[in-house]
Amino acid sequence: MLCELFRWLDIWARDLGSGLLPGGLATGRAGMARMSLEYDLERYRLMSPAYCKNSNDPSQGGTAAEIGWTARSSWNYYLYCGDKNKLRKDAEVLRPWVHHWISRDYDEDGLIIDVTEFMDHMLMMVTTNGVSTLATNAMYSAMLTYFAKIENELGNKKRGTQTGRVTCKNSKCAQYRILESG
C-alpha cells in the first residue's frame, strides 16, 4: 500500500494507529488499512522482541509505544470488520512483544523505562527524565489495555486478566509517582 499522506510504503505504528488505519476504515478503504497493518505486523513477526526493534532502521522500534499503537490498530480493525481469525493472527504476532515488555518491569512496580533509540525517544532526550518516563508508561498502559481486550475477545480470559492486572498496577504506580513529584 502506498501511504497517501506521506507517499511511502513504510509507515510507523504511531502514524498507522493515530490516523491512517482509522482514516482508511472511515473512508471505506478497509482493505488498504489492513494491508498497512499486516505490513507493520510482519516487521514484528520477523524480528525478536529481545532486541526491542522491529526493523534494522534505528528510527523505528519495537518500543512499548509502537506495540501499543499496533495493538490499538489491530483492535480497531477488529471492531470495524469483526474478523476474529485476523485478530487471532495479530495476537500471535504481538503476544511475544507484549510479554517482553511486561518482563522489562524488573522491580515489578508497574513502570518501565524504555531506553530504545528511536526517533520519538530521541526527541524526548531533550526533556526531563520524568517526561520521557511518563510518555513511555502512558503508551505501555495503552499497549496493555488493548492487548487485554484482544485476549479477552479471543476467549483467553486468564491472559486477558493477567494483562489487565499489569495495566492496573501501571496506572496506579504512574498516578502515585505523578502525585508524589507534584
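A residue counts as buried when its relative accessible area is under 20%, as exposed when over 50%, and as partly exposed in between (1.4 Å probe, protein chains only). By that rule, 47% of the 182 residues of the protein chain are buried.

This is a predicted model, where local features need pLDDT of at least 70, side-chain atom pairs count only at pLDDT 80 or more, and totals for chains, interfaces and linings use all residues. Residues are numbered from 1 along each chain as its sequence is written, and side-chain values use heavy atoms, with hydrogens and water left out.

**The whole chain**

The protein chain holds seven helices and zero strands. Helices (H or I, at least four residues) and strands (E, at least two) are DSSP runs, numbered from the N terminus. A contact means heavy atoms within 4.5 Å.

**Helix α1**

Helix α1 covers residues 13-26. Its 14 residues reach 18 Å from first C-alpha to last, close to the expected 20 Å. The expected span is 1.5 Å times one less than the number of residues.

Where does α1 kink? The kink, about 35°, lies at Leu20, shortly before the proline Pro22. The bend is the angle between axes fitted to the seven residues ending there and the seven starting there.

Leu20 is also one of the buried residues of α1, which include Leu16, Gly17 and Leu21. The buried residues of α1 pack against α2 (30-46) and α3 (64-81). Just after α1, Gly28 takes a positive phi of about 80°.
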